[in-house]
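Subject: A structure for you to look at

Hi there,

I'm handing over the structure we talked about, with some notes on what turned up in it. Please have a look at the model first, and then read on.

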Amino acid sequence: MYKFIFSFLLLSSTLYSQGVGLIGRPGFNFSKMNSANIPFKENASFKPGYSFGAGTLVPIKSRHEIQANLYYENKGRKMEFPYDKVRSNFNFLVFSSTFNYKAKQNLPLFIKLGLYSGYLLKQKSKIIGERIDIVDDTHLFTKIDYGPLTGINWRFGLWKNIQLGIEESFAFSLQNTFKRPEDERRYDFRTYKHFVFATTIELIVFLQ
């Protein structure tokens with residue numbers, strides 16, 4: 001993950017003098033986790049979360065771009081058991097890269113396809129309605145999460161070199177994030193993966 005961050009910072013500093021776009025990216029999401037053997041998994045529901053970060057945008061041709069982003073993301077899920085409702089929060093540092101294609105020359109709609117890689121910073125579970133029952137389960141999960149992402153982005157011109165983009169995206173894990181404890185063999189979660197629907201606002205400043 002540190003290599004991704006270093007590459008992102010190096011890319012940003014290198015492209016700064018080449019007239020590309022710098023991006024601020026706040027957003028919110030709805031996320032869920034899927035697992036094969038978790039009890040009551042049918043009662044799992046989407047959890048609202050958020051993200052914020054920055055990116056760089058490199059135009060290649062009039063309708064082609066490459067984009068790199070580095071951002072903090074909160075995702076997870078809500079689970080309803082017979083006596084409790086539990087909310088699980090996963091906090092990741094995420095690096096993503098996408099290829100952006102403009103649907104039509106005179107239409108500011110971009111189709112995005114790419115990959116992401118996330119590093120788990122912290123995981124906590126809380127019983128909904130309780131203030132003190134918070135459990136830190138970070139050690140039960142692998143640090144690295146990765147997978148494909150896709151989305152669309154509609155842009156509006158604000159000023160000469162400034163644009164506002166509204167993005168709708170979907171990403172899902174290829175990594176089984178649950179790390180089976182050696183001393184708890186009763187756990188056998190074959191899949192434990194994130195599904196994230198996100199809405200992101202992009203403020204893009206094109207450098208001259």
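A word on terms to begin with: contact means heavy atoms within 4.5 Å. In that sense, and leaving aside neighbours within four places in sequence, Ala171 is in contact with Tyr116, Pro148, Leu149, His194, Phe195 and Val196.

Please keep in mind that this is a predicted model, in which local features need pLDDT of at least 70, side-chain atom pairs count only at pLDDT 80 or more, and totals for chains, interfaces and linings use all residues. Residues are numbered from 1 along each chain as its sequence is written, and side-chain values use heavy atoms, with hydrogens and water left out.

The overall layout

The protein chain has 1 helix and 11 strands; helices (H or I, at least four residues) and strands (E, at least two) are DSSP runs, numbered from the N terminus. Along the sequence the pattern reads α-β-β-β-β-β-β-β-β-β-β-β. Of the 208 residues, 41% count as buried, where buried means under 20% relative accessible area, exposed over 50%, and partly exposed in between (1.4 Å probe, protein chains only). Among contacts between residues at least 6 apart in sequence, 67% join residues at least 24 apart.

Strands β9 and β10

β9 and β10 run antiparallel and are joined by 10 bridges; two strands pair if DSSP finds at least two bridges between them. A hairpin of 2 residues connects β9 to β10. Leu149 stands opposite Ala171 in β10.

Trp154 also has its place in β9. Is Trp154 buried, partly exposed or exposed? With a relative accessible area of 33%, Trp154 is partly exposed. Not counting residues up to four places away in sequence, Trp154 touches Leu107, Pro108, Leu109, Leu164, Gly165 and Ile166.

The nonpolar core

A nonpolar core is a set of buried Ala, Val, Leu, Ile, Met, Phe, Trp, Tyr and Cys residues joined through side-chain atoms within 4.5 Å. The largest one has 12 residues, including Tyr71, Tyr116, Leu149 and Ala171. β6 (85–104) and β7 each supply at least two residues of this core, and β6 gives the most, with 3 residues.

The cavity and a pocket

On a 1 Å grid over the protein atoms alone, a cavity is a set of points where a 1.4 Å probe fits but cannot get out, while a pocket is an open set with protein on both sides within 12 Å along at least five of seven lines; lining residues have an atom within 4 Å of a point. Grid points are joined across faces, edges and corners, and a volume is the space filled by probe spheres set on the points.

The structure holds 1 cavity of 30 Å³ or more, and the largest cavity has about 270 Å³ of space. Of the 24 residues that line it, Tyr71, Glu73, Leu149, Ser169 and Ala198 lie nearest its centre. The lining divides into 8 nonpolar, 11 polar and 5 charged residues; Ala, Val, Leu, Ile, Met, Phe, Trp, Tyr, Cys and Pro count as nonpolar, Asp, Glu, Lys and Arg as charged, and the others, Gly among them, as polar.

The second largest pocket has a volume of about 180 Å³. Its lining has 14 residues, and the closest to its centre are Glu65, Lys102, Phe110, Arg155 and Gln163. β9 provides the largest share of this lining, 3 residues.

Best wishes
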